[in-house]
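This report covers strand pairing, the nonpolar core, backbone angles and a surface patch. The structure comes before the details.

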Amino acid sequence: MVKRNLKEIFERSRKVLPLGWSMSETFRDVNLVLGQVVEFPKPKEASVRVIKNAFDRNLHMYFRKRQDFHAALQNNKCKIGDVVLIRQLPERITLDITHTVEKVVYPLGEVVDPITGKAVAAGKYLQHQEEIRLLSLAESPPVTSADRDASVSLERNNTDGVEEGKS
C-alpha cells in the first residue's frame, strides 16, 4: 500500500513538471509579470528584468533565471530600479517591444511597510526617526560663543604642544 501511494505521487509529479523544462517554458504564456526596470534604451521604452525559478529535472532543484523584456511606457513615470507590473501585448509593437508597463508597484527609494503603510528607512519608521532627532535637539544645550572660543583655544594649545615637541 505504501509503494502504491509513492508510485501515484511520482506519476502526479511527472504530469506537473514537463520533461523538457526550459527557460522559454518558464516565461511562456504569462500575461502579467513583475520585474525591475533596468534601463531606458529608447524614449517611451523600458527594459524590465524579470526573475523566475526554473526547475532542473536532473538535480531536482530550482535555479534563478532572468530574462529582460522591452516594455512600452504609457504615461507611466518610472525610473531605473522601480519594481513594475508589465502585461504581454497581443501583438508586438516593434520587433523588441513585447510588453507594456501597467503600473509602478514599488518606486525606488520609497520603501513602505506593507502592514502599517508607513515609510521605512534602514529598518526603522521615518516618523520615529524624525521624533528621535527632534528630541535629541531639544535635550542638548545650545552652543554659546564662549563655548566655541574655549574649544578653539584648546585646539590651539594642543597643536602648539605638538609642534614644540617636534623641534
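## Basis of the model

The model is predicted, with local features requiring pLDDT of at least 70, side-chain atom pairs counting only at pLDDT 80 or more, and totals for chains, interfaces and linings using all residues. Residues are numbered from 1 along each chain as its sequence is written, and side-chain values use heavy atoms, leaving out hydrogens and water.

## Strand pairing

Alanine 72 stands opposite threonine 100 in β5. Strands here are DSSP runs (E, at least two residues), numbered from the N terminus. Strand β5 (residues 97-106) pairs with β3 in the parallel sense over three bridges; pairing requires that DSSP finds at least two bridges between two strands.

On the antiparallel side, β3 (residues 61-72) is joined to β2 (residues 45-56) by 12 bridges. Within this pairing, alanine 46 stands opposite alanine 71 in β3.

## Nonpolar core

A nonpolar core is a set of buried Ala, Val, Leu, Ile, Met, Phe, Trp, Tyr and Cys residues joined through side-chain atoms within 4.5 Å. Buried means under 20% relative accessible area, exposed over 50%, and partly exposed in between (1.4 Å probe, protein chains only). The largest such core has 12 residues: Val33, Val37, Ala46, Val48, Val50, Phe69, Ala71, Leu73, Cys78, Val84, Ile86 and Val101. Two or more residues each come from β1 (32-39), β2, β3 and β4 (83-88). The largest share, three residues, is from β2.

Leucine 73, one of the core residues, is in contact (heavy atoms within 4.5 Å) with Phe40, Lys44, Glu45, Ala46, Cys78 and Val101, leaving aside neighbours within four places in sequence.

## Positive phi in two loops

Most residues other than glycine have a negative phi. Lysine 44, in the loop between β1 and β2, has a positive phi of about 60 degrees although it is not a glycine. Lysine 44 is exposed, at 63% relative accessible area.

Histidine 60 takes a positive phi near 55 degrees in the hairpin of β2 and β3, which has four residues between the strands. Histidine 60 is also exposed, with a relative accessible area of 56%.

## Surface patch

Leucine 59 lies in the loop between β2 and β3. Leu59, Met61 and Phe63 form a nonpolar surface patch with about 280 Å² of accessible area together. Accessible areas come from the Shrake-Rupley method with a 1.4 Å probe, and for residues only the protein chains shown count as cover. Patch residues have over 30% relative accessible area and no salt bridge, with nonpolar side chains (Val, Leu, Ile, Met, Phe, Trp, Tyr) joined within 5 Å and like charges within 9 Å. A salt bridge is a side-chain nitrogen of Lys or Arg within 4 Å of a carboxyl oxygen of Asp or Glu.
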